[in-house]
Amino acid sequence: MRSAYLIRLSATLVTTFALTGCLDDGGSDSNDTSVGQLNYNGFSGLTYQTQSQRGSTNAKGEFRYYPGETLSLWIGDLALVQGVPAQTYVTPLEFVPDVRAALTNPVIDDEGLSTHTIREQLLLDNPELRNITRLLMSLNWTGDVPKDQGIDIRQRVISQLNAALPNLSEPIDFSVSEAVFTASDEEVSPANQLLAEICFYPEGHPLCEEPPTLEEIELAPPQPENEDVRDPQVTYREDLQSTRDRILDSIRTLDNATPNDLEFYLSRELTAITTAVSNRYYLDEDVASHPASDTGVQSVRIRQIAGAPEIGNIEAISTRRDQVAIHATNWQEAEIDYFVAGDAGGESELVVSFRPEDTYRWIRKQLRVIIR
């Protein structure tokens with residue numbers, strides 16, 4: 001099975017162009033490619049390849065691509081995903097084909113508007129998504145993934161991972177159930193076998209040494225009760241047991257990244273991406289004021305920072321339809337038409353929900369309309 005895995009990996013490398021697309025930590029461009037990003041805070045140290053570019057993701061999780069290309073990712077020699085559409089932001093939800101397809105089907109919320117956020121949360125229980133994310137989180141150098149920080153997969157970890165892969169009982173399969181993928185009791189899963197071979201401390205650290213065996217502990221002399229007669233040159237049974245316990249306790253398993261940790265991490269990253277996408281757009285006014293006598297059709301337009309907006313769809317509601325009513329929406333012109341229907345002194349909030357053409361995400365903006 002191991003040989004089949006290597007054949008699949010080699011075939012993927014051969015059938016794509018081997019052009020290098022490196023990024024420095026600042027993500028500066030040296031050619032006309034676009035720069036994409038894995039999650040909001042990034043996965044560093046992954047090998048990526050598109051049809052034209054190949055390189056390693058930097059501290060921000062950035063990669064290069066041309067529009068229309070797909071993305072493949074590896075952790076060292078471990079194939080992670082293939083055929084993911086390359087775009088500005090790529091999250092683990094887009095790693096899994098079924099999940100990626102479902103993201104394009106928004107949910108209608110209590111206001112009657114389409115939203116992607118509920119759909120994202122509903123998809124977080126996908127086993128393959130959870131298995132991939134849990135392994136990535138477990139390979140982070142510091143263990144926990146603090147807020148506003150990405151996942152840092154260092155070369156020391158990758159080198160140990162590559163050395164361990166040939167010795168696993170079977171190849172890592174992200175498509176199995178979460179229980180099978182994270183098993184650590186009677187039959188230790190390949191993913192946990194892999195983690196057991198990786199020391200997340202600097203080379204030469206005492207916790208990276210092989211633990212004393214039970215036989216070595218049994219053969220060692222017991223520690224004398226009287227401290228005055230203890231020999232500092234002798235390693236006692238209790239010392240070896242303590243060393244063994246510390247080393248074994250330092251070994252990571254997938255249980256270090258709990259289901260709650262996983263869901264919190266993914267939700268945090270998804271929210272940050274939605275905020276970043278939303279910040280690119282604005283309405284051409286936040287507050288509009290019209291006399292009650294002016295019942296003609298009014299318009300508000302969606303604007304994009306540094307460019308004309310390309311909108312795939314628009315929805316809009318008025319929170320007080322007896323005061324201000326929606327007349328029409330026009331996604332081609334990124335425009336919403338409305339008219340005053342109430343008396344002087346009234347007002348309403350127009351909630352505009354729209355999906356930019358290059359994403360499944362729906363963005364919301366508000367316009368306060370005052371009737372004078």
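Reader: With which side chain does the side chain of R361 make a polar contact?
Author: The partner is the side chain of Y360, at 3.4 Å. A polar contact here is a pair of N or O atoms within 3.5 Å, where within protein one must be able to donate a hydrogen and the other to accept it, and where residues adjacent in sequence count only if both atoms belong to side chains. Please keep in mind that this is a predicted model, in which local features need pLDDT of at least 70 and side-chain atom pairs count only at pLDDT 80 or more, while totals for chains, interfaces and linings use all residues. Residues are numbered from 1 along each chain as its sequence is written, and side-chain values use heavy atoms, with hydrogens and water left out.

Reader: OK, and where does R361 lie? Is R361 buried or exposed?
Author: R361 is in the loop between β18 and β19, where helices (H or I, at least four residues) and strands (E, at least two) are DSSP runs numbered from the N terminus. R361 counts as buried because its relative accessibility is 3%, with buried meaning under 20% relative accessible area, exposed over 50% and partly exposed in between, for a 1.4 Å probe and protein chains only.

Reader: What does R361 touch, not counting residues up to four places away in sequence?
Author: The residues it touches include T91, E94, H116, E120, I273, T274 and V277, a contact being heavy atoms within 4.5 Å. R361 also touches F354, R355 and P356.

Reader: How much space lies in the largest cavity?
Author: The value is about 80 Å³, and the count comes to one cavity of 30 Å³ or more. Grid points are joined across faces, edges and corners, and a volume is the space filled by probe spheres set on the points.

Reader: And the second largest pocket, what volume does it have?
Author: Its volume is about 350 Å³. The elements that give two or more residues to its lining are α5 (155-164) and α9 (237-250), and the largest share, three residues, comes from α9. The lining has 17 residues, of which A196, E197, C208, E209 and E210 lie nearest the centre, and it divides into 11 nonpolar, two polar and four charged.

Reader: Now charges: how many salt bridges does the structure hold?
Author: It holds 11, a salt bridge being a side-chain nitrogen of Lys or Arg within 4 Å of a carboxyl oxygen of Asp or Glu. One of them joins E178 and R130, with the closest N and O atoms 2.9 Å apart. E178 lies in helix α6 (residues 178-181) and R130 in helix α4 (residues 127-138), so this pair ties together parts that are 48 residues apart in sequence. R130 is buried, at 6% relative accessibility.

Reader: Which strands hold R368 and E347?
Author: R368 and E347 meet through their side chains in a salt bridge of 3.0 Å, N to O. R368 is in strand β19 (residues 363-371) and E347 in strand β18 (residues 347-356), 21 residues apart. R368 is partly exposed at 34%, and E347 is partly exposed at 28%. Elsewhere, salt bridges that share partners join R130, R134, E178, D255 and E263 into one network.

Reader: Last one: which side chain does a polar contact of 2.9 Å join to that of N39?
Author: The side chain of Y265 is the partner. N39 sits in the loop between β1 (34-38) and β2 (43-44), and N39 counts as buried because its relative accessibility is 0%. Leaving aside neighbours within four places in sequence, the contacts of N39 include Y89, V90, T91 and P92.

Key. On a 1 Å grid over the protein atoms alone, a cavity is a set of points where a 1.4 Å probe fits but cannot get out, and a pocket is an open set with protein on both sides within 12 Å along at least five of seven lines; lining residues have an atom within 4 Å of a point. Ala, Val, Leu, Ile, Met, Phe, Trp, Tyr, Cys and Pro count as nonpolar, Asp, Glu, Lys and Arg as charged, and the others, Gly among them, as polar.
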